[in-house]
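This briefing goes through selected features of the structure shown below, grouped by topic, beginning with a single residue and ending with the contact between chains.

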Amino acid sequence: MLLEYGHAVPINENNREKRVNLGLEELPETVQKYADGLEEVKTLLKSCAFEKLIEDIESGAREDKT
Amino acid sequence: MKGLSLFLGCLVPNRYPGIELATKLCLAKLDIDCTDLPGASCCPAPGVFRSFDRTTWLTLASRNIVLSEQMERDMLTICNGCFSTLADVNHCIKEDESAKKEVNEHLEKIGKELKGNIDVRHIIEFLYEEYGPEKIASYVERQLDIRVAVHYGCHLIKPTKDRGLGNFERPTFFDELVTALGATSVEYPDKMACCGAGGGVRSSMKDRSLKMTEAKLSRIKEAEVDCIVNSCPFCHMQLGDGQSEIKEQMEIEYEIPVLHYTQLLGLALGFPGEMLGIDTEIEKNKKFMDLLDAGMES
């Protein structure tokens, strides 16, 4: 989730609607609304080798199962 | 004192937007200078990311802090988990030059630099330290004649050496903010126990986390309160939605309304429940609002 959306818990349809019904903007003032901000997060995750860490763990988990 | 930027995190805007609105309404009514913080991401969550990869945790949190530094504002959090990450990272980079240097090497790739010149606040400690219960009480338009179980949550008070909020076994600051609204903060056993969700327990051991929650809810129920008040959307979810999950898994029924402090404060400041995201289509919430209305009429 973090790699794709910049949030551990991203917005969903139900809560987009809930926000509008409350009178809030459909998307909050976070990376979900700002594509350039999300790109920055993705750049940092790459710089920290977070994606590779996830891939290594997932491939390790797969090997454990075989 | 600097102005504030509101750090939303994940759960508040994406699952409990009523808490976001309640916070904004309360801050405006209290004349607190607080603006949005455009482009912030997940804090990232302390239980999972700090233990999983410290460099990523430090770097992403630092980017969020830089956004607020660029606005020359301190950050205001409304979540204990976000407070834990952002306050701890902010403390770390102010104290540890090598950590700051490492973080800035990553931030350089997006054209940003962390200076370490702002503070991170949590709304509960901010209201207590900067306003105090007496000043909060002076804003109250609707005395809340109810019995409340206060749930502090872990990250608001620990690590105690960094938080500086007094006694961590029997703290009173949150209770005082609740009683300022006319409510009674009811003591109950194991008050300082975890809600059951934190530290990645809900994600990795759901059944065990719900057992912890059930133990806490049983103590709260015995105290015969009208609602639970928390300062964290993760605790809010565990103590609130957890009641439905406990009913399903253990066939034990709890019907205790759960509110974030900003929602309770909003009620006391005169806002209607529906503006604060208190869903009265849920029976327990309707009973709670009826109780408040009855108290106003008598």
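In this predicted model, Met289(B) counts as partly exposed because 16 C-beta neighbours lie inside 10 Å, whereas a residue would need 20 or more to be buried and 12 or fewer to be exposed. The residue belongs to helix α15 of chain B, which covers residues 283-297. The model scores ipTM 0.91 and pTM 0.94, and chain B has a mean pLDDT of 93, with 99% of its residues reaching 70 or more.

**Two individual residues**

- When neighbours within four places in sequence are left aside, the residues in contact with Met289(B) are Gly273(B), Ile278(B) and Thr280(B).
- From C-alpha to C-alpha, Met289(B) and Glu251(B) are 26 Å apart in space, and 38 residues separate them in sequence.
- In chain A, Ile57(A) is placed in helix α4, residues 50-65, and this residue counts as exposed because it has 11 C-beta neighbours inside 10 Å, where the limit is 12 or fewer.
- Ile57(A) and Arg16(A) are 41 residues apart in sequence, and their C-alpha atoms are 33 Å apart in space.

**The parallel sheet of chain B**

- Chain B holds an open sheet of 4 strands with parallel pairing, in the order β6-β5-β7-β8.
- The edges are taken by β6 (184-185) and β8 (258-260) of chain B, each of which has a single partner strand, so one side of each is left without a neighbour in the sheet.
- Within chain B, β5 (residues 147-150) and β7 (residues 227-230) pair in the parallel sense over 3 bridges, and Val148(B) stands opposite Cys227(B) of β7(B).
- The strands β5(B) and β6(B) also run parallel and are joined by 2 bridges, with Thr184(B) in β6(B) as the bridge partner of Arg147(B).
- Helix α13 of chain B (residues 233-250) lies across β7 and β8 of the chain, and its direction makes an angle of about 175° with β8(B).

- Helix α2(B), with 13 residues, reaches 18 Å from its first C-alpha to its last, which is close to the 18 Å expected at 1.5 Å a residue.
- Just after α2(B), Asp31(B) takes a positive phi of about 60°.
- Helix α5 of chain B, residues 80-95, has 16 residues and reaches 22 Å between its first C-alpha and its last, close to the 22 Å expected at 1.5 Å a residue.
- Among the buried residues of α5(B) are Asn80(B), Phe83(B), Leu86(B), Val89(B), Asn90(B) and Ile93(B).

**The contact between the chains**

- On the two sides of the contact, 29 residues of chain B are in contact with 27 residues of chain A.
- At least two residues of the side of chain B that touches chain A are supplied by each of α1 (11-15), α2 (17-29) and α4 (54-70) of chain B, and the largest share, 5 residues, comes from α4(B).
- By residue class, the side of chain B that touches chain A divides into 14 nonpolar, 9 polar and 6 charged residues.

Methods: Residues are numbered from 1 along each chain as its sequence is written. Chains are lettered from A and ligands numbered from 1 in the order in which they are written. This is a predicted model: local features need pLDDT of at least 70, side-chain atom pairs count only at pLDDT 80 or more; totals for chains, interfaces and linings use all residues. pLDDT is the predictor's confidence in each residue, from 0 to 100. Two residues are in contact if their C-beta atoms, placed from the backbone, lie within 7 Å. Ala, Val, Leu, Ile, Met, Phe, Trp, Tyr, Cys and Pro count as nonpolar, Asp, Glu, Lys and Arg as charged, and the others, Gly among them, as polar. Two strands pair if DSSP finds at least two bridges between them. Axes are lines fitted to C-alpha atoms, for helices over the stretch in contact, and angles run from 0 to 180 degrees between N-to-C directions. The expected span of a helix is 1.5 Å times one less than its number of residues.
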